[in-house]
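Colleague: Can you put the model up? I have some questions about it.
Modeller: Here it is.
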Amino acid sequence: MKNQLIIFDLDGTLLNTIGDLAVGCDHMLSLRGLPTHSYEEYCTFVGNGIMRLVERALPEELRTEEYVKAARRDFVEFYIDNIDNHTVPYEGMVELVEQLQRAGAKLAVASNKFQAGTEKLIRKFFPTIEWVEICGNREGVPLKPDTALVDMIIERAGVRREACTMVGDSAVDMQTARNAAIRSVGVSWGFRSREELEQAGADHIADTVEELSAILLK
């Protein structure tokens, strides 16, 4: 396979997590007597980690460092216990990842979601996959589009960069791949638009799982 190592984003790529993220944020906002947001708004808030999600959900006048940190603590405390009430894999993705493993590809996850949440979801929905790494946001490691997580995965896998591919649903993922000098595949079924992926310079864009399979199994 040309794609010897495939690194997946989580939210909006492997799993549709927006329902539980929205409920968690709405819970945090309701605790404070603040207005909640629509599904469409939450789709624009995600992609840069929980801290930025919480910050974007708060009214602008409350986005101080201290307030955002306190709000994040409330969000995480609720979300980690309610992380999979509405979350589901995108149709066909479990089967595709299993097929890639059978074909001999090395597989990994690089997410801006906090580490405990990333691991909990991946272990639940992809229990048969032997991941090279499951990387979420962790202390001391910068978020995507910094290449720190991807570099860590590539080193662990022992694969040349020209044999690596990043799969994600946002400009953040496409920029991460470009920064890391690896191929990028955007999926248009996630939280961001096809236009965003095009503008971000995705090497390929898949509109269906069948199209993604054809790209990755070359």
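Colleague: Are Phe-126 and Trp-131 buried or exposed?
Modeller: Phe-126 and Trp-131 are both buried. Bear in mind that this is a predicted model.
Colleague: And what about Tyr-42 and Phe-45, buried or exposed?
Modeller: Tyr-42 is buried, and so is Phe-45.
Colleague: How are the rings of Phe-126 and Trp-131 arranged?
Modeller: Their planes stand at 85 degrees with the ring centres 5.9 Å apart, so Phe-126 and Trp-131 make an edge-to-face pair.
Colleague: How many aromatic pairs does the count come to?
Modeller: Five aromatic pairs. One of them is Tyr-42 with Phe-45, which is edge-to-face, at 5.6 Å centre to centre and 85 degrees between the planes.
Colleague: Where do Tyr-42 and Phe-45 sit?
Modeller: In helix α2, which covers residues 39-45. They are three residues apart there, so about one helical turn separates them.
Colleague: Which residues form an aromatic cluster?
Modeller: Phe-75, Tyr-79 and Phe-114 form one.
Colleague: Different topic, the end of the chain. Which helix holds Leu-216?
Modeller: Leu-216 is in helix α10, residues 209-216.
Colleague: Why does Leu-216 count as buried?
Modeller: Because its relative accessibility is 0%, and the cut-off for buried is under 20%.
Colleague: What does Leu-216 touch?
Modeller: Leaving out residues up to four places away in sequence, Leu-216 touches Met-1, Asn-3, Ile-6, Phe-8, Leu-100, Thr-165, Val-167 and Val-185.
Colleague: How far is Leu-216 from Trp-131?
Modeller: The two C-alpha atoms are separated by 17 Å, and the residues are 85 apart along the chain.
Colleague: Now the whole chain. How many helices and strands are there?
Modeller: The chain has 10 helices and eight strands. Its radius of gyration is 17 Å, close to the 17 Å from the globule rule for 218 residues, so the chain is as compact as a globular protein of that length.
Colleague: What does the C-alpha trace span?
Modeller: About 55 × 30 × 30 Å along the principal axes.
Colleague: What share of the residues count as buried?
Modeller: Of the 218 residues, 52%. The accessible surface comes to about 9,700 Å², and 48% of that belongs to carbon and sulfur atoms.
Colleague: What about contacts between residues 24 or more positions apart?
Modeller: Taking contacts with a separation of 6 or more, 65% are between residues 24 or more positions apart.
Colleague: Last one. How many positive and negative side chains are there?
Modeller: There are 24 positive and 35 negative side chains. The centres of the two sets lie 5 Å apart.

Definitions and conventions: Residues numbered from 1 in each chain as written. Predicted model: local features only at pLDDT ≥ 70, side-chain atom pairs only at ≥ 80, totals over all residues. Heavy atoms only, no water. Helix = DSSP H or I, 4+ residues; strand = E, 2+ residues; numbered from the N terminus. Rg over C-alpha atoms; globule rule 2.2 N^0.38 Å. Buried < 20%, exposed > 50% of the residue type's maximum accessible area, 1.4 Å probe, protein only. Contact = heavy atoms within 4.5 Å. Areas by Shrake-Rupley, 256 points an atom, 1.4 Å probe, with all protein chains shown as cover. Lys, Arg positive; Asp, Glu negative; His and termini not counted. Charge placed at Lys NZ, Arg CZ, Asp CG, Glu CD. Phe/Tyr/Trp six-rings, centres within 6.5 Å; stacked < 30°, edge-to-face > 60°.
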